[in-house]
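Let's take a guided walk through this structure, one piece at a time. Please keep the sequence and the 3D view open as we go.

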Amino acid sequence: MNTNVDNTAPAQKYRTSFLQEVEANVEEGHWVKMCMQCGVCSGSCPLGKHWEHPPQEIFMMIRAGKREAVLTSESMWMCTSCYNCIVRCPRGLPITHIMHGLAHYAKRVSLVPDNQQTAKFAQLFWNNLALKGRVNELRLGMALYFMNGLGEGIKTALKMKDIGIDLAKTKRMNPMELLGGHSIKDLSGFKNMLKKAQELEAARIQPQNA
Amino acid sequence: MAKYTYSFYPGCSSQTGASSSNYMVSVRTMCEELDIQLNEIPDWNCCGASIGYAGGGELPRLALSARNIALSEKHNPNQEILATCAACWLSTREAAERLQHDAGIRGECDQALAAANLTIKNTTPIKHMAEVLVQTIGFEEIRAKVKKPLSGIKIAGYVGCQTNRPFGIAGESFENPQYLDNLVTALGGEAIPKYEKKVQCCGGALAFSEPDKSQEMIKGILEAAYDHGADMLVTPCPVCQMNTEVYQDQINAAHGTKFKIPVVYYSTLMAVAFGRSAKDAALNGQVIPAKKLEEIAG
């Protein structure tokens with residue numbers, strides 16, 4: 001056997017385009033090829049049993065070029081950001097961040113399953129913080145209750161009523177927040193900053209159309 | 001001049017009328033007793049928490065934390081950044097490290113900050129309050145301040161996720177961190193070092209979007225505390241506190257359990273043990289009253 005063979009050459013040649021796409025476009029995506037399929041991440045995930053494809057499987061699917069199956073999956077939306085997988089991964093993959101990156105990328109290329117609850121909530125959260133620079137918990141809560149329509153919203157609001165009363169009584173919720181609430185002072189600088197960051201990121205990421 | 005001084009990042013949930021405003025009250029009391037001065041970062045913004053990734057992506061999310069670091073450097077120079085919220089601490093520290101290790105992202109982030117007329121050096125250490133208590137102040141000094149030991153109270157130290165992983169407190173294990181147990185002991189309470197759910201996830205932000213799945217996990221956290229005969233749980237994280245406290249009735253209705261166990265912050269315990277009033281310890285902020293602490297506080 002010739003030990004001088006460059007083993008990276010065939011890896012380059014046969015690399016599927018989806019792996020390249022993930023490496024180029026997904027946060028921390030360049031780590032995906034380092035996964036050795038041990039399964040510790042899947043076994044360590046607190047919501048593991050609810051994942052359509054656990055992280056280990058997602059990594060292999062990326063390498064197998066299963067673009068649509070990965071990006072339309074509910075899987076990465078099950079990540080609670082507990083970081084158990086990160087601290088246990090023997091290869092040191094930042095798995096939590098890769099899952100976040102895949103979730104965001106699925107949104108960017110419009111492949112998130114309809115009605116994905118965490119995707120909807122996450123977008124509400126971002127919109128909420130981007131408006132005033134700080135989260136308005138009351139508005140976020142109300143937006144969450146009604147994100148699946150008015151009928152569902154009234155049901156949820158009724159179910160959550162007692163918790164709302166408890167929090168208001170203990171001054172951990174302020175009804176006046178609905179009228180405006182906390183804000184940063186330099187909102188224009190803040191918004192300019194986010195706009196610039198969004199432009200730069202959009203320019204860097206060019207989704208491939210499979 | 002105070003014995004300890006920090007550039008303070010309080011975070012959204014700590015604001016007046018927000019879900020962990022009670023945490024802030026007890027933190028302020030605890031800091032008075034330990035002579036810690038907290039200089040709030042002027043005009044700080046949200047960190048994006050653990051759910052900002054989806055809407056915000058990478059660079060806009062990192063820019064949020066970079067702005068806070070830049071403001072801290074500008075207004076509170078040479079002071080370490082201190083956060084009391086697990087997510088605030090984690091996001092800020094994570095952003096600082098990403099910017100240190102990735103020159104490309106750092107370059108873009110500098111451009112984004114320039115749009116807000118800010119620059120960043122990114123050399124400031126970023127600490128969680130628990131880290132400061134354990135490492136900088138130490139249990140000896142804490143023990144010396146105790147005026148009313150928490151005698152006869154059995155307390156499950158619920159560390160949770162984000163104060164523990166991926167950074168955690170130096171010298172502690174990810175699987176069985178002991179610092180809350182050591183703190184409870186230092187305050188004269190009874191710790192439960194073998195509490196097996198101390199690093200179990202509560203669902204975090206998914207308690208909102210996936211309530212059933214999260215509440216099943218919260219049920220396990222509470223059940224294990226009861227199994228050990230705990231009187232209450234103590235936690236360093238606002239999301240842990242909220243999730244394990246406020247959903248107990250819903251869990252009871254769904255699972256036929258009878259949970260009614262208080263969940264307090266480490267700063268609540270410290271304020272009471274240091275002899276301060278129930279009000280200073282923010283015991284009026286408990287949805288499930290911590291009666292045994294009320295008795296001690298008087």
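Helices (H or I, at least four residues) and strands (E, at least two) are DSSP runs, numbered from the N terminus. With that in hand, chain A reads along its sequence as α-α-α-α-α-α-α-α-α-α-α, which amounts to 11 helices and 0 strands. Before going further, note that this is a predicted model, in which local features need pLDDT of at least 70, side-chain atom pairs count only at pLDDT 80 or more, and totals for chains, interfaces and linings use all residues. Residues are numbered from 1 along each chain as its sequence is written, chains are lettered from A and ligands numbered from 1 in the order in which they are written, and side-chain values use heavy atoms, with hydrogens and water left out.

The C-alpha atoms of chain A fill a box of roughly 75 × 40 × 30 Å along the principal axes. Of its 210 residues, 47% count as buried (under 20% relative accessible area, with exposed meaning over 50% and partly exposed in between, for a 1.4 Å probe and protein chains only). Contact means heavy atoms within 4.5 Å. Among contacts in chain A between residues at least 6 apart in sequence, 67% join residues at least 24 apart.

Two loop residues of chain A are worth a stop. Y83(A), in the loop between α5 (67–71) and α6 (84–88), has a phi near 65°, a positive value in a residue other than glycine. N115(A), in the loop between α7 (95–108) and α8 (117–132), also is not a glycine and has a positive phi of about 70°. Y83(A) is buried at 3% relative accessibility, whereas N115(A) is exposed at 51%.

Now let's see how the chains meet. The contact takes 61 residues from chain A and 67 residues from chain B. Together they bury about 5700 Å², 60% of it on carbon and sulfur atoms; this buried area is the accessible area (1.4 Å probe) that two parts lose on being put together, summed over both. Between the chains there are 7 salt bridges, each a side-chain nitrogen of Lys or Arg within 4 Å of a carboxyl oxygen of Asp or Glu. One joins E245(B) and R172(A), at 2.9 Å from N to O. On the side of chain B that touches chain A, the largest share, 6 residues, comes from α3(B).

Helix α3 (residues 59–75) of chain B also holds E73(B). What does a buried E73(B) do without a salt bridge? The nearest side chain of opposite charge, K121(B), is 4.9 Å away. The side chain of E73(B) instead reaches the backbone nitrogen of K121(B) at 2.8 Å, and one of its polar atoms lies 2.7 Å from the backbone nitrogen of N122(B).

A disulfide is a pair of cysteine sulfur atoms within 2.5 Å, and the count over all chains is 0. C12(B) has its nearest cysteine sulfur, that of C46(B), 4.0 Å away, and C12(B) is buried at 9% relative accessible area. The sulfur of C237(B) is 3.7 Å from that of C240(B), too far for a bond. Finally, the peptide bond from R165(B) to P166(B) is cis, with omega near 0°; P166(B) sits in the loop between β5 (154–157) and α7 (179–186) of chain B.

Definitions and conventions
Lys and Arg count as positive and Asp and Glu as negative; His and the chain ends are not counted. A polar contact is a pair of N or O atoms within 3.5 Å; within protein, one must be able to donate a hydrogen and the other to accept it, and residues adjacent in sequence count only if both atoms are side-chain atoms.
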